[in-house]
Amino acid sequence: MEAADPFQFVCDQLGEHVKLDRLALRGAVRLALKTAGFDPRGVRPSEMAVVVSRMLPKELASCGVVDPEQICTRLAAAVSGLSAGAGADSPDAVFRRLGG
C-alpha cells in the first residue's frame, strides 16, 4: 500500500467498524499509543500494528465495543501493510541504521 499516516489510517478504519463517535475513537487510539510509549505523529506502521493488536483491544473494550480482539486482529494486519513512507528517514530510523 502507499504511504499513509498510521494513526489516521487506524482511526478511519475503526470508524467504519465501531459505533463510537470520532472523538472517543481517536481518544482510545491515543491512549493505546500513550500506554505503549508512542506519539501519534511519529508512529510507524509496524509499531502501530503491535499497538493495535496488544493495547487497543483493552481500550476498545472499556468503551463498550463488542469483540475488540477480532476487530483489532484484522486492523493490525491492514496497518502492517502500509509502507513506512516519509517516516522511514526519521532521526530514530537513521540512528538505528548507523548503530547496526
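**Reading an all-helix model**

User: How many disulfides does the structure hold?

Analyst: The general idea: a disulfide is a covalent bond between the sulfur atoms of two cysteines. The test used here is a pair of cysteine sulfur atoms within 2.5 Å. The structure holds 0 disulfides. Note that this is a predicted model: local features need pLDDT of at least 70, side-chain atom pairs count only at pLDDT 80 or more, and totals for chains, interfaces and linings use all residues. Residues are numbered from 1 along each chain as its sequence is written, and side-chain values use heavy atoms, with hydrogens and water left out.

User: Are C63 and C72 buried, partly exposed or exposed?

Analyst: C63 has 35% relative accessibility, so C63 counts as partly exposed. C72 has 1%, so C72 counts as buried. Over the 100 residues of the protein chain, 34% count as buried.

User: What is the accessible surface of the protein chain?

Analyst: It comes to about 6,100 Å². The method is Shrake-Rupley with a 1.4 Å probe; for residues, only the protein chains shown count as cover. Carbon and sulfur atoms own 56% of that surface.

User: Which elements does the protein chain have?

Analyst: Elements are DSSP runs, numbered from the N terminus: helices are H or I with at least four residues, strands are E with at least two. The protein chain has 6 helices and 0 strands. The order from the N terminus is α-α-α-α-α-α.

User: What span should α1 have?

Analyst: Expected span is 1.5 Å times one less than the number of residues. The 12 residues of α1 should span 16 Å, and the end C-alpha atoms of α1 are 17 Å apart, which agrees.

User: Which residues of α1 are buried, and what do they pack against?

Analyst: P6, F7, F9, V10, C11 and L14 are the buried residues of α1. They pack against α2, α3, α4 and α5. Take L14. Contact means heavy atoms within 4.5 Å. Leaving aside neighbours within four places in sequence, L14 touches L25, V29, L56, L60, I71 and L75.

User: Which residues touch the most other members of the largest nonpolar core?

Analyst: In soluble globular proteins, nonpolar side chains tend to be buried together. A nonpolar core is a set of buried Ala, Val, Leu, Ile, Met, Phe, Trp, Tyr and Cys residues joined through side-chain atoms within 4.5 Å. The largest has 25 residues; V10, L14, V29, M48, V52 and L56 touch the most other members. At least two residues of this core come from each of α1 (6–17), α2 (22–36), α3 (45–54), α4 (56–62) and α5 (68–80).

User: How many salt bridges does a search of the whole structure find?

Analyst: Side chains of opposite charge can pair when their charged atoms come close. The criterion is a side-chain nitrogen of Lys or Arg within 4 Å of a carboxyl oxygen of Asp or Glu. The search finds 2 salt bridges. D39 pairs with R41 at 3.0 Å, N to O. R44 pairs with E47 at 3.1 Å, N to O.

User: How exposed are D39, R41 and R44?

Analyst: D39 is partly exposed at 34%. R41 is exposed at 75%. R44 is partly exposed at 23%.

User: And where is E47 found?

Analyst: E47 is in helix α3. With a relative accessible area of 13%, E47 is buried. Beyond neighbours within four places in sequence, E47 contacts F38, G42 and R96.

Technical notes. Buried means under 20% relative accessible area, exposed over 50%, partly exposed in between (1.4 Å probe, protein chains only).
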